[in-house]
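Please look over the sequence and the model before reading on.

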Amino acid sequence: MAILWLRDISAGDLDRVGGKAASLGELTMNDLPVPPGFVVTAGTFRRFLEDSGLDTKLASVLDVDPDDDRALAEAAETAQSLISDAKVPLTVREEILASYDELDAEPPVAVRSSATAEDLPDASFAGQQETFLNVTREDLVDRVRECWASLFTERAIHYRNEQGFSHTDVDIAVVVQEMVAADKSGVLFTSNPSTGEPEVVMEAAWGLGEAVVSGAVTPDNYVVDRADGEIVEEAVAEKNVMYTRSEATGETVEQELEGEKRTRRVLSDAEIDALLELAEQIEDHYGGPQDVEWAITTDDTTGEPAASFDGEIFLLQSRPITTIEKPEAAAATADQSGGGTGTAEAPGETAASAEVVGTTDGGSMESETDDGFIVQGLGAGPGIATGHARIIDSLDQLDRVDRGDLIVTEMTTPDMVSAMQRAGGLITDEGGMTCHAAIVARELGCPAVVGTGNATSAIEDGKLVKIDGSTGLVTEAPDDATGGSADAGQEDPSGVERSTDGPVAVGNDPAPPKPMTATQVKVNISIPEAAERAASTGADGVGLLRTEHMILSTNKTPERFIEDHGADAYERELVEGIREVADAFYPRPVCVRTLDAPTDEFRQMEGGENEPHEHNPMLGYRGIRRSLDQPEIFQHELAAFERLYDMGYDNVEIMFPVVIDEEDALAAKAQMERAGISPEKRTWGVMIETPASALCIEELCQTGLDFVSFGTNDLTQHTLALDRNNEQVADRFDELHPAILRLTSQVIETCRANDVDTSICGQAGSKPEMIRHLVTEGITSLSVNVDAVRDSQHEVMRVEQRCLLESVRE
């Protein structure tokens, strides 16, 4: 039988259903509130491998050195492809769907991996395999197979090697449960995971719990004394987003939180009491501390604290806390501290202890006294370490982390496990004590401070700092300190000073606080070298990165460059230029415009002697029309994008220039697909630079594009029949002409009706009059020059406030 129901499973079924499912079954059998569901057993997965012959193939593929990053990546990709390409046996498919049909009213379900070596007393494997939310019947079997494939991600392979688990000894089951339409969710520890004290530590956020465990939001944090039920510590964070189910698509979506809900306390006292009672029951049942995921549904829409709890709590997972040291182990650790050249200390000792008096953005703390700390967050992994800060903006930068360095990043992710193995500690802007990487940090003995709110901007890259994973303090290290990890006696090979070749955080004079606006304000970039300065403005991303400057700087046309140096070198030139900007802004989006140089510019370069002579090159052979006319050159340009996606730069977007109508857009889309880029998975759009594209906007929206962006320089030129480079008519050039305003209004209205984002990257986007017009019409974002970002942000805020005031008065 391929399927077992949760109601028929107990802790003794670990080998059949994996750690997560065994725990859920145990909770269900003991009448604790668990959503109904079933499990595709580990034996089903093993038979799938054996019947398809994949077991022997995988054994060969996975026989690699886990410390060889390139070999590990190739092994993971090959292993996952083997499983994804194999067919699920018909009998298994039918049994999965028949079991789903037994659930009430064909609900959306959560599909969650449950490995047989997962959630064990001495290894959690937290976050190593996939989870899918809001899955429908149509996609259910495919999601089960994707869970199987996730047993062979890079981080899962690496982690098993470090924990001493054989790949052939670990199987995977898949839990299929009814989704809980959570209004509130989070995680609780039945005992304090940092100290072992009899305190229940709760973290809570709005909506689905994925925002908490993924580190996408800094949750509220409550510490409750189990003896008397009193709240001994409370930190209410600013929660910028929530995850919820889209009514339109049924998919899980990120929703921006607005108004007072961002800073409102998530849990009422009555809800905390109810969770505390459940925590007691769960720890009593298992006989030891547990890490529990939960969700709450409630009909309360008042936002006021309730005197009594009348909602419903669901338990989504319970696993042992693997990080609380036994007394003898803690004593041994204390005896070792202070040895060698490292600077490890006993948890809780700090030269900069501070009285906590309040919270700021993201839950970071401020002190009444000047104790010299840089930032403070939540102590998520006990221990103290001194090391060189490494600002990490994207996963591909993890190779910059040397032994003893402190990782400083925006939010935690399980993909950082390999770097955390050699790091001295972890500091994050977002996330809480219960996000997956924080759990693994504790398991690895890696001191961690999370939810600081601003560590990536407040800590200088390469600076020697000290973190206390118990108090959550990050301080400047003494001048005579040398970097070291939390492991006492472990030399730091780096020395005190170290140069860095990566993006450097903004210095000691940060920009003023960024205004909160619904309309995003992005920045235009012409050369990659400007990325660092542009990123320091606080812009919401890059609305226009021009690729032509990367090519023009070589002084060769694309054809000549490829002829002289080869296609690979051409693609690398583009990759490195775009990557520099994508690194500086990650995870903020970077919209890259494909090649749009006119013929007169190409004519000045090597290989330009064959360029056509045009009376007005701006109306000639440029933009997408040239790219489509030279598909082989265009394919190399698109191949650079595909390389970036393979490297993990999911913040890169593609924008096609001089598109006239849907025929152009569909042709460009087809070239993307030919290059192996999925238009459904990657964000792409077109420039609106002509009256034709503005008037054909309805048809363009039907091509599947994600956004459009106004190029007002060209749009004005083409609409008013004015050569913008002709001084004879320069005084008639007016981007605020009524014809331009009407065209932009029509495009925005149509795009809003079709759920397509709109932006502007032309020079007019910096003008207050244009900002007032576009924001009032409902544009999604503006993209302006670097020196105009701050003024534009404030102008957008003023316009939005005026619109809100007028709507209230009506």
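## Burial and the cysteines

A residue counts as buried when its relative accessible area is under 20%, as exposed when that area is over 50%, and as partly exposed in between. The structure discussed here is a predicted model. Cys147 has 0% relative accessibility and therefore counts as buried. Cys591 counts as buried too, because its relative accessibility is 2%.

How many disulfides does a search of the whole structure find? The search returns zero. A disulfide requires two cysteine sulfur atoms within 2.5 Å. For Cys591, the closest cysteine sulfur belongs to Cys761 and is 7.3 Å away, which is too far for a bond.

## Salt bridges between strands and loops

Side chains of opposite charge can pair when their charged atoms come close. Across the whole structure, 38 salt bridges are found.

One of them joins the side chains of Glu293 and Arg112, with an N to O distance of 3.6 Å. Glu293 belongs to strand S12 (residues 290-297) and Arg112 to strand S3 (residues 109-115), so this pair ties together parts that are 181 residues apart in sequence. Both Glu293 and Arg112 are buried.

Another salt bridge links Asp405 to Arg390, whose closest N and O atoms are 3.2 Å apart. Arg390 is in strand S18 (384-392), while Asp405 is in the loop between that strand and strand S19 (406-409), so the pair ties together parts 15 residues apart in sequence. Asp405 and Arg390 are both buried.

## A salt-bridge network

Asp596 and Arg593 meet through their side chains in a salt bridge, at 4.0 Å from N to O. Is Asp596 buried or exposed? With a relative accessible area of 6%, Asp596 is buried. Arg593 is likewise buried, its relative accessible area being 8%.

This pair belongs to one network, in which salt bridges that share partners join Glu548, Arg593, Asp596, Arg622, Glu689 and Asp714.

## A negative patch on the surface

On the surface, a patch of negative charge gathers Asp65, Asp68, Glu74, Glu77 and Asp646. Among these residues, Glu74 is located in helix H4, which covers residues 69-85. Glu74 counts as partly exposed because its relative accessibility is 47%.

Terms used:
Residues are numbered from 1 along each chain as its sequence is written. This is a predicted model: local features need pLDDT of at least 70, side-chain atom pairs count only at pLDDT 80 or more; totals for chains, interfaces and linings use all residues. Side-chain values use heavy atoms; hydrogens and water are left out. Patches are made of residues with over 30% relative accessible area and no salt bridge: like charges are joined within 9 Å, nonpolar side chains (Val, Leu, Ile, Met, Phe, Trp, Tyr) within 5 Å. Accessible areas come from the Shrake-Rupley method with a 1.4 Å probe; for residues, only the protein chains shown count as cover. Lys and Arg count as positive and Asp and Glu as negative; His and the chain ends are not counted. The place of a charge is taken as NZ of Lys, CZ of Arg, CG of Asp or CD of Glu. Helices (H or I, at least four residues) and strands (E, at least two) are DSSP runs, numbered from the N terminus. Buried means under 20% relative accessible area, exposed over 50%, partly exposed in between (1.4 Å probe, protein chains only).
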